[in-house]
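Reader: I am new to this structure. Where do I begin?
Author: Let us take the ligand, then the interface.

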Amino acid sequence: MTKHIKAILWKQGKDTFKNKEILVQFVMFPILTVIMENAMEIKGMPEHFFANLFAVMYLGMAPLVSMAAILAEEKEKNTLRVLLMSDVKAIEYFLGAGIYLFAICMLGAGVIGFAGGYRGRELAFVLAAMAVGILISILAGAVIGTYSRTQMMATSLMVPVMLVLASLPMLAMFNERIAKVAKYFYTGRMSLLLNSMGNGQEIAEGLWIAGANMLAAVVLFVVVYRRKGLE
Amino acid sequence: MKTILKVRGVKQCFGKKTVLENVNLEVGEGEILGLLDPSGAGKTTLIKIITGQLAPTEGTVEICGTSGEYKPNRGVVSAEESGKPAVSGREHFCQKIGIMMDNFGLYERLSCYDNLKFYAKLQGIPMKKIEETLKKVGLFQAKKTSAANLSKGMRSRLLLARALLSEPKLLFLDEPTNGLDPATAAEIHKLIREEQEKGTTIFLTTHNMAEAEKLCNHVALLHEGRIVEYGNPGEICRRYHHQKRLLLHLAGGEEVVLPHDKSCAEKLLFYLEEGKLETIHSTEPNLENVFMELTGRRLEE
Ligand SMILES: Nc1ncnc2c1ncn2[C@@H]1O[C@H](COP(=O)(O)OP(=O)(O)O)[C@@H](O)[C@H]1O
Ligand SMILES: [Mg+2]
């Protein structure tokens, strides 16, 4: 790891705990899961119901919003320029911020999985599935952040994307048509996987969808980055 | 004196608007060059071009260090091309220059100390330099204050501290005292002079004539994107000293203007003997008068 990436990780660590908008993203769903899984006992409700619901919302929102917000703020406040003038490469910046967000989000994922009553192999499966989703979301956030010049612009772009991604799985439960579309999105597919705990066939399909989603995010990212750069 | 920075034929257009036109400059090692532009039309743009943040429409910039040449928009010139010892890459160049400008942001939620610490980590600067630099700019007491809570003057100090952290050979200061109270401005001036005494070359911009006159070895007057005058401030003023006169203040508030030659000796002596003379002034112009003359003439053309 380069000294630049290490420095960016250090800065993010310092900054997150002072940045309430970002911090709330990381803690809200894990805390909600702990509360709901302990407080609600409804007869006939599927096992891990709240954990699965919040897990998908969490991975559709927290990494995406944070990555986009961090990038847009660095641009708006002209701190990114200082980094680039200090010879930080764009890839180092994305890796630094991305690794940091991934680590934090996985911590939250652990809390959600554990509070949801998952243990052992099941817990490992949930965490692996969430890890993939978090990665895709970070990429999507990077696309929005790279595209936006200001925080306002990033917010107006990320809200609809985030709403769609996070609410698709829930809406899919109530509507057949939405369900058909939802399964082609990584969040929708993740929800199906978590609820069925996946047999071999479903996992393979899930990996396909995740791969396709990831590829789409990477392509989008490359296109946007080529056009906008980091200025 | 060794030339450290060369700007040749720089032109900058934004759309149809030409902001800089045929700008040529050389900055010698260890001097303070002031780019003086009271009308505010291109100072920041020129600094951006020189530091490689903006590619000029035309022209070239060269920064010559101890270890080779750097052309901001072309990267480091190879050893063969420049005929000088090999250079160790862009990173090397970055550590050799310090930049203080408004569009170089701070992390608002981080403290003064942490802002500098992040920069030190990025550049591999020893941590002990941080407190040293904070003390130097007078921010040591405020080291735990977050950047968002700094006053304008403190913010300028922090920006300056960050520019000084890597002990750069070449320092760019974009209107370092703009909007500061006179006391803070004077402290910043003192810091700038201290840096120069250490051998740092300084390129600063200002719209303040008096500041340029006090601080700079050379000034370049920029008007409508062109350099209309260049030189030592004192020399420039003397060059524009067309009508040599003496201005006398006499007791009782009377003012007398005398020609600055033999013919006035008698009168001068008279006032002195009478004890009426309070002060004598020469009437050479200051930079402001020179600028008015230059731009006034230009407008008449
Ligand atoms: N990126 C840009 N696009 C268009 N016009 C610009 C841009 N940057 C600066 N300008 C114009 O160039 C002129 C000079 O700007 P600037 O160099 O910031 O002046 P100064 O720093 O001397 O006050 C201004 O009229 C400004 O509007
Ligand atoms: Mg300016």
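Author: A polar contact is a pair of N or O atoms within 3.5 Å. Keep in mind that this is a predicted model. Here, an N or O atom in the side chain of Thr45(B) is 2.5 Å from an oxygen atom of ligand 1.

Reader: How far from an oxygen atom of ligand 1 does a backbone N or O atom of Lys43(B) lie?
Author: For Lys43(B), the distance is 2.8 Å. For a backbone N or O atom of Gly42(B), it is 3.0 Å.

Reader: What share of ligand 1 does the protein bury?
Author: Taken alone, ligand 1 exposes 560 Å². The protein buries 57% of that.

Reader: Which element gives the largest share of the shell around ligand 1?
Author: H1(B), with three residues. The shell includes Phe14(B), Asp37(B) and Thr44(B). By type, its residues are three nonpolar, four polar and three charged.

Reader: Now the interface. How do I read its size?
Author: The size of an interface is often given as the accessible area lost when the parts come together. Between chain B and chain A, about 2400 Å² is buried. Carbon and sulfur atoms give 61% of that area. On the chain B side, Tyr107(B), Arg109(B) and Leu122(B) lose the most area to chain A. Together they make up 31% of what that side buries.

Reader: How many salt bridges are there between chain B and chain A?
Author: Three. Asp114(B) forms a salt bridge with Lys14(A), and their closest N and O atoms are 3.3 Å apart.

Reader: Which helix supplies the largest share of the side of chain B that touches chain A?
Author: H4(B), with seven residues.

Definitions and conventions. Residues are numbered from 1 along each chain as its sequence is written. Chains are lettered from A and ligands numbered from 1 in the order in which they are written. This is a predicted model: local features need pLDDT of at least 70, side-chain atom pairs count only at pLDDT 80 or more; totals for chains, interfaces and linings use all residues. Side-chain values use heavy atoms; hydrogens and water are left out. A residue is near a molecule or strand if one of its heavy atoms lies within 4 Å of it. A polar contact is a pair of N or O atoms within 3.5 Å; within protein, one must be able to donate a hydrogen and the other to accept it, and residues adjacent in sequence count only if both atoms are side-chain atoms. Accessible areas come from the Shrake-Rupley method with a 1.4 Å probe; for residues, only the protein chains shown count as cover. Helices (H or I, at least four residues) and strands (E, at least two) are DSSP runs, numbered from the N terminus. Ala, Val, Leu, Ile, Met, Phe, Trp, Tyr, Cys and Pro count as nonpolar, Asp, Glu, Lys and Arg as charged, and the others, Gly among them, as polar. Buried area is the accessible area (1.4 Å probe) that two parts lose on being put together, summed over both. A salt bridge is a side-chain nitrogen of Lys or Arg within 4 Å of a carboxyl oxygen of Asp or Glu.
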